[in-house]
Amino acid sequence: MKKYKIGSFSLFIFLSIFNMACSFNNTNKNTMDTATITTKDFGTFEGKRITEYTLTNVAGMQVGIINYGGILTKIITKDKAGDFGDVITGYDSLEGYLQKGNPYFGALIGRYANRLAKGTYTIDGITYHAALNNNGQSLHGGLKGFDKVVWDAVALPGDSSLQLSYKSIDGEEGYPGNLQVQVVYTLTANNSIKIEYTASSDKNTVINFTNHAYFNLSAGKSPNIYEHIVQLKADKYTPVDTSLIPTGALLDVKGTPMDFTTPKKVGQDIDKVTGGYDHNWVLNKGEGLAEIASVYEPNSGRYLTVATTEPGIQFYTGNFLTGNLTGTKKGIIYNKHYALTLETQHFPDSPNQPDFPSTLLKPGETYHQTTVFSFSTK
Ligand code: BGC
């Protein structure tokens with residue numbers, strides 16, 4: 001057998017070439033050096049490969065996205081001391097996301113985010129029945145919503161955006177029309193995550209999309225969000241009945257625990273609301289993109305602002321988290337009120353509420369939504 005002696009210089013050349021080959025496979029490095037996207041195998045689902053795409057910007061911020069459910073798996077941002085930490089809930093592997101009772105951690109939600117009363121609604125005189133999955137109501141798209149399907153993922157030129165596409169077929173989960181949906185996640189150089197949704201249908205249908213990331217800006221240091229200071233630019237909210245279905249009224253927040261018009265600790269009034277916050281606020285805005293919410297966590301100094309084109313936001317304080325999820329990141333126990341969501345959306349049950357902004361999408365129209373989560377410290 002022939003033996004080859006490799007000198008340290010040749011070894012260095014060999015390792016450099018090997019490294020280049022690996023990074024060519026896994027990393028697309030933009031010439032402007034603004035961002036990178038790396039990929040990691042995340043298992044398989046229904047015979048399809050699931051990949052985790054990690055977008056990293058020049059500031060070192062990282063965002064993880066998988067093509068199962070379009071789920072945000074991690075958002076790693078700096079605190080005021082310059083230390084990085086992951087500010088959203090999630091699991092170490094795909095199995096975690098597949099477990100029964102996973103409360104939509106980080107997922108894309110559709111066709112209809114939030115609740116549809118008894119799953120029933122009427123378009124052009126035809127009554128449709130969306131799949132029921134929540135105490136006789138339809139929640140977040142039904143039994144197999146957009147959070148439980150495999151999306152086609154493509155990294156866009158520039159390496160700061162990942163495009164996800166999904167075709168939902170006519171009748172899926174009780175919704176009419178073949179619906180083509182695209183979601184583009186972009187990590188900007190100044191630490192914003194932009195989520196742009198577009199959709200079109202070949203029949204009249206109803207849609208409501210959101211992202212269901214749960215934030216705890218302490219990055220694992222605090223077991224609840226009571227010290228988080230939240231502002232919601234909303235003078236009104238949509239009160240709900242015991243099934244969490246809007247009554248149709250719009251109520252003033254002024255003088256009530258629902259008032260977040262000036263920044264307020266989540267813990268200040270949470271006990272005055274049964275279970276905690278789980279409501280839709282009516283945003284003080286017209287058409288177009290506007291900054292409508294912020295969250296500040298004083299210990300880490302992390303500050304998050306939310307801008308959206310949507311008319312509403314579901315501010316939910318993780319009321320149904322019970323600490324029973326397995327495979328959580330770093331084994332963290334996600335108990336009640338561990339994290340909060342800021343789900344930009346149209347109002348719940350809009351198809352049954354003629355006075356709410358319409359969620360009807362007609363053939364020939366293109367639905368657009370932009371939501372931006374921006375991270376900084378102060
Ligand atoms: C809803 C909650 C629901 C949760 C599921 C939120 O968007 O408002 O009522 O329990 O999603 O994790």
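Author: Two strands pair if DSSP finds at least two bridges between them, where strands are DSSP runs of E with at least two residues, numbered from the N terminus. The model shown is predicted, with local features requiring pLDDT of at least 70 and side-chain atom pairs pLDDT 80 or more, while totals for chains, interfaces and linings use all residues. Residues are numbered from 1 along each chain as its sequence is written, and side-chain values use heavy atoms, without hydrogens and water.

Reader: Which residue in β29 stands opposite Leu304?

Author: Leu304 faces Phe375. The two strands concerned, β25 (residues 302–308) and β29 (residues 367–377), are antiparallel and joined over seven bridges. Both belong to an open sheet of nine strands, ordered β12-β13-β14-β15-β29-β25-β24-β19-β22, with antiparallel pairing. At its edges are β12 (152–155) and β22 (264–265), each pairing on one side only.

Reader: In what order do the six strands of the other open sheet run?

Author: The order is β18-β27-β26-β23-β20-β21, again with antiparallel pairing. The edge strands β18 (214–215) and β21 (251–252) each have a single partner strand, so one side of each lacks a neighbour in the sheet. Within this sheet, β20 (residues 236–238) and β23 (residues 278–282) pair in the antiparallel sense over three bridges. Thr238 has Asn280 of β23 as its bridge partner.

Reader: Which residues surround the ligand?

Author: A residue is near a molecule if one of its heavy atoms lies within 4 Å of it. Here the surrounding residues are Pro103, Tyr104, Arg115, His140, His212, Tyr214, Leu244, Asp278, Gln314, Tyr316, Phe320 and Glu343.

Reader: Where is Arg111 placed, and what is the state of the peptide bond from Gly110?

Author: Most peptide bonds are trans, and most residues other than glycine have a negative phi. The bond from Gly110 to Arg111 is cis, with omega near -5°; Arg111 lies in the loop between β7 (108–109) and β8 (115–116). Lys118, in the loop between β8 and β9 (120–123), has a positive phi, near 50°.

Notes:
Helix = DSSP H or I, 4+ residues; strand = E, 2+ residues; numbered from the N terminus.
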